Amino acid sequence: MNIRILVFAKAPLPGRAKTRLEPALGAKGAAQLATTMLDGTLTHCLAAELGPVELCMSPAPGHSDWRAFSLPAGLVQSDQGDGDLGARMARAAQRGLAQQDAVMLVGTDCPQLCVNLLQTAAIRLARCDALLHPTRDGGYALLGLRRFSPTLFEHIPWSTSQVASLTRQRLDALSWHWHEGETLQDIDEPGDLLQLPGRWMNHYAERM
């Protein structure tokens with residue numbers, strides 16, 4: 001099964017990326033962590049070798065906000081476009097499913113999205129219509145789809161603790177066969193920094 005991984009990211013600039021971490025890291029430190037997580041996510045997604053990896057960018061590819069960042073070779077780049085997060089994800093998912101057997105939608109704030117987890121998710125997704133990896137704060141870090149329905153993205157209060165529960169309800173209402181994977185930890189609030197991988201902990205703990 002050929003899977004298109006859709007990575008949603010905004011340019012990791014001070015004052016714009018990971019702003020909820022600024023009380024602990026400052027604007028520059030928060031942006032540096034956002035850059036580290038973006039690099040790590042893209043590296044793992046490409047190394048998983050599941051299919052094309054598309055970076056859905058905000059602002060659009062070629063914008064001056066991205067000039068300072070070196071993106072790895074082999075990425076497909078696209079513009080997230082207008083609308084709320086749901087509208088942007090829905091467009092990308094529908095487009096991706098027209099090109100590949102399945103899609104995985106991921107963000108860049110979950111360091112646990114490693115090669116092994118992505119490859120295991122692909123095996124699970126091959127046996128069902130959808131796969132959800134929720135996060136401890138009530139959102140989700142990965143949504144895998146082999147079918148498309150706009151109801152999974154409409155009227156969701158994004159960045160709240162209701163996201164995963166509402167998505168579960170929508171999947172059940174569609175009568176799809178879906179699987180829930182392990183609950184993961186994303187990095188959004190200062191307290192989440194304690195969950196950073198050991199290879200990063202010392203560097204960012206010094207800033208707290």
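Select Asp-192 to begin; this residue sits in the loop between strand S7 (178-180) and helix H5 (198-205). Helices (H or I, at least four residues) and strands (E, at least two) are DSSP runs numbered from the N terminus. The model is predicted: local features need pLDDT of at least 70, side-chain atom pairs count only at pLDDT 80 or more, and totals for chains, interfaces and linings use all residues. Residues are numbered from 1 along each chain as its sequence is written, and side-chain values use heavy atoms, with hydrogens and water left out.

**Around Asp-192**

Is Asp-192 buried or exposed? Asp-192 is buried, where buried means under 20% relative accessible area, exposed over 50%, and partly exposed in between (1.4 Å probe, protein chains only).

Next, show Gln-185, whose side chain joins that of Asp-192 in a polar contact of 3.3 Å. A polar contact is a pair of N or O atoms within 3.5 Å; within protein, one must be able to donate a hydrogen and the other to accept it, and residues adjacent in sequence count only if both atoms are side-chain atoms. The side chain of Asp-192 also reaches the backbone nitrogen of Glu-189 at 2.8 Å. Leaving aside residues up to four places away in sequence, Asp-192 touches Gln-185, Asp-186 and Ile-187, contact meaning heavy atoms within 4.5 Å.

**The salt-bridge network**

Select Lys-18, Arg-20, Asp-109, Asp-188 and Glu-189 together; salt bridges link them in a network. Within it, the closest N and O atoms of Lys-18 and Asp-109 are 3.2 Å apart. This pair links distant parts of the chain, 91 residues apart: Lys-18 in the loop between S1 and H1, and Asp-109 in the loop between S4 and helix H3 (115-125). Lys-18 counts as buried at 17% relative accessibility.

**The sheet and its helices**

Switch to a cartoon view and colour the strands. The open sheet has seven strands in the order S3-S2-S1-S4-S6-S5-S7, with mixed pairing; two strands pair if DSSP finds at least two bridges between them. At the edges are strand S3 (76-79) and S7, each pairing on one side only. From one strand to the next the twist averages 20°. Helix H1 (residues 22-48) packs on the sheet and touches S1, strand S2 (53-58) and S4, its direction making about 175° with that of S1. Axes are lines fitted to C-alpha atoms, for helices over the stretch in contact, and angles run from 0 to 180 degrees between N-to-C directions.

Now select strands S1 (residues 3-10) and S4 (residues 102-106), which run parallel and are joined by five bridges. Ile-3 has Ala-102 in S4 as its bridge partner. Helix H2 (residues 85-97) also packs on the sheet, touching S1, S2, S3, S4 and strand S6 (140-145), at about 155° to the direction of S1.

**Two further salt bridges**

The whole structure contains ten salt bridges. Select Glu-54 and Arg-4, which meet at 2.8 Å, N to O. Glu-54 lies in strand S2 and Arg-4 in strand S1, so this pair ties together parts 50 residues apart in sequence. Glu-54 is buried at 2% relative accessibility, and Arg-4 is buried at 7%.

Finish at Arg-124 and Glu-182, whose closest N and O atoms are 3.1 Å apart in a salt bridge.

Conventions. Lys, Arg positive; Asp, Glu negative; His and termini not counted. Salt bridge = Lys/Arg side-chain N within 4 Å of Asp/Glu carboxyl O.
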